[in-house]
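Have the structure open as you read.

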Amino acid sequence: MRVSVEAALTDALTALDLPTDDLGIERPPEGVDAVFASSVAFRLAGEVGAPPPDVATDVASEIDPDDYDYIAAVRTQGPYVNFFPGDRYFGETVEAARDAEFGRLPDRDTSVVVEHTSANPTGPVHVGRARNPIIGDALARILDFAGYDVETHYYVNDAGRQLAVFTWAYETFDESELPEPERDKPDYDLVRYYRKGNAYLEDAEGEDVDPEDVEAAEAEIEAIMQGLEAGDDEVYERVGRVVDQVLEGMTGTLDRLPAHFDEFVRETRFMRDGSTDDVVERLQELDEAVYEDDAWQLDLPDFEKHFVFLRSDGTSLYSTRDLAHHEWKFDNFDRAITVIGEDHQLTFDQLDSVLELLGHDTDQLDQVFYSWVNLPGGEGMSTREGTGIDLDDLLDEAEERARAEVERRMDDRIRDDELDEADVERIARQVGIGAVRYDIVAKQPRKAITFEWERALDFEAQSAPYVQYVHARTCGILDEADSEGLDPASGVDAAVLDTPEERDLLRTIARFPAEVEEAADELEPHRLATYTREFAERFNAFYRECPVLTADDEQTRRARLALVVAARHTVGNALELLGVEAPESM
């Protein structure tokens, strides 16, 4: 339809001897039945020397709808030229959406790595960081569906002082000196050592510790850091033993969202293979390189602070190793996208500048910055101090609250299928986890979120359960049709789908591939969440006004069944891209 509109506008403007560089194609406002509108008359009014409504009339008069696929009529509304679809548009929409993969775009022959989450392996995942895996996983799903060859990576910070302290503490303190773990999971078990070690070092007097013991601890921590830098296999194994256990627990939590990774790329990889040393040597040769304050730095003109890349003791920094990491991405992928907290904006701006100095095209790089997730009351988040709310706690409560809501609604169910205990448990998980995930991904990443249960689990409002219920409803209709021996695939005439509710739903279904493309191009998963809410409204209006199984005639019933199939595939795929399960019954 868009291609047809582009062709029609281009031909009309050419005939009027007007420029065609900006066609002004957009979605019309609510209440206009057109699929596309053009605001081109605004742009051309000055050139033509006539009011925009007159220009719009001239453009529309040059277009014969019969010359273009899908366009049934062209009408003006003030300064806008509106394009209305015909029966072919609606018929092919129903046909296209019969495919269970409806909305998937052709292969772009472009590889993309999406790095997300990458939380330090020092303890359980906190609620404040929940936005990263949820946005990152949804973005990877959308890019894959949009035709990209996608890999998801977790960049593991297994070097630096934090991990040296953690390793020393794990090897130093006895289990008997620690409190009981909050959960029977490796990350909860080991985080006790991390907290104990930090408390020991930061409050030595309060712990009644001999200063010489603290000095010995600091010497051991420094030895671990130096061992990592020197490529000492024994030190790598010691640190790896801690990191692997914590990651096992953290990924168990992330699996619940779900957020899965194709590869865990370790920071130490770029120390051991020599690429960090290579980066340091090339940085030192740059004109911007200076040695000040016992460290090698870059004097970047666009930044107040220098970029430090090598300490006086010869140890590299996280930022140095991340340069090597990004050069590795350039060698293996066409594009690299990082989902990261907005507090890292300056760091990534500097990273881009340094990579450009090293001769790289940073147009290959994109960052999606997000603000934190807060809970009512503004709880703090600190792994070191052991404060804040863990993501496991939030997901547990989500399932418990969802189960209570599902049980409360059992007597109001329309379907007569029997739900056993396993079904209730499944639905509670799908709805609870889906509510958390949807509520977070539905917001623009840069906007701060305060998570509220009443909003997230509201079956009647714009929430995950509201959209999930639409999918369950489509499945219920089709199950009942199947039990009656009705085949929605036979003899469908989409022209009979002519009520306003049917046409609104069809137009919304037809838009789904374009929504996928825009969400992928703009790296904005929240666009699809907005789309699903609109879709749910359209389907519910159709469901209220257009009986399916009890339609007035057989032809209408078959067509409406086909429309329900199209709706099921569309909303199911949209939820899948957001990482929200689509229940078949609720």
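**Rings, charges and strands**

Q: What makes the charged end of Arg88 count as sitting over the ring of Tyr70?
A: The charged end of Arg88 is 4.8 Å from the centre of the Tyr70 ring and sits over it. The rule asks for NZ of Lys or CZ of Arg within 6 Å of the ring centre and within 35 degrees of the ring normal. Likewise, Arg473 lies over the face of Tyr543, at 4.0 Å from the ring centre.

Q: What kind of model is this, and how are residues numbered?
A: This is a predicted model, where local features need pLDDT of at least 70, side-chain atom pairs count only at pLDDT 80 or more, and totals for chains, interfaces and linings use all residues. Residues are numbered from 1 along each chain as its sequence is written, and side-chain values use heavy atoms, leaving out hydrogens and water.

Q: Why is the pair of Phe348 and Phe369 called edge-to-face?
A: Rings of Phe, Tyr and Trp (its six-membered ring) pair if their centres lie within 6.5 Å; planes under 30 degrees apart are stacked, over 60 edge-to-face, and the rest tilted. Here the centres are 6.3 Å apart and the planes stand at 85°, so the pair is edge-to-face. This pair links distant parts of the chain, with Phe348 in helix α13 and Phe369 in strand β12, 21 residues apart. Helices (H or I, at least four residues) and strands (E, at least two) are DSSP runs, numbered from the N terminus.

Q: How do you know whether Phe348 and Phe369 are buried or exposed?
A: Buried means under 20% relative accessible area, exposed over 50%, and partly exposed in between (1.4 Å probe, protein chains only). Phe348 has 6%, so Phe348 is buried; Phe369, at 7%, counts as buried too.

Q: How many aromatic pairs does the structure hold?
A: There are 26 aromatic pairs. One of them joins Phe173 and Tyr200, edge-to-face at 5.6 Å centre to centre with 70° between the planes. Both Phe173 and Tyr200 are buried.

Q: Why do β8 and β10 stand at the edges of their sheet?
A: The open sheet has three strands in the order β8-β9-β10, with antiparallel pairing. Each of β8 and β10 has a single partner strand, so one side of each is left without a neighbour in the sheet.

Q: What makes β9 and β10 a pair?
A: Two strands pair if DSSP finds at least two bridges between them. β9 and β10 pair in the antiparallel sense over four bridges, and the bridge partner of Ala295 in β10 is Arg311.
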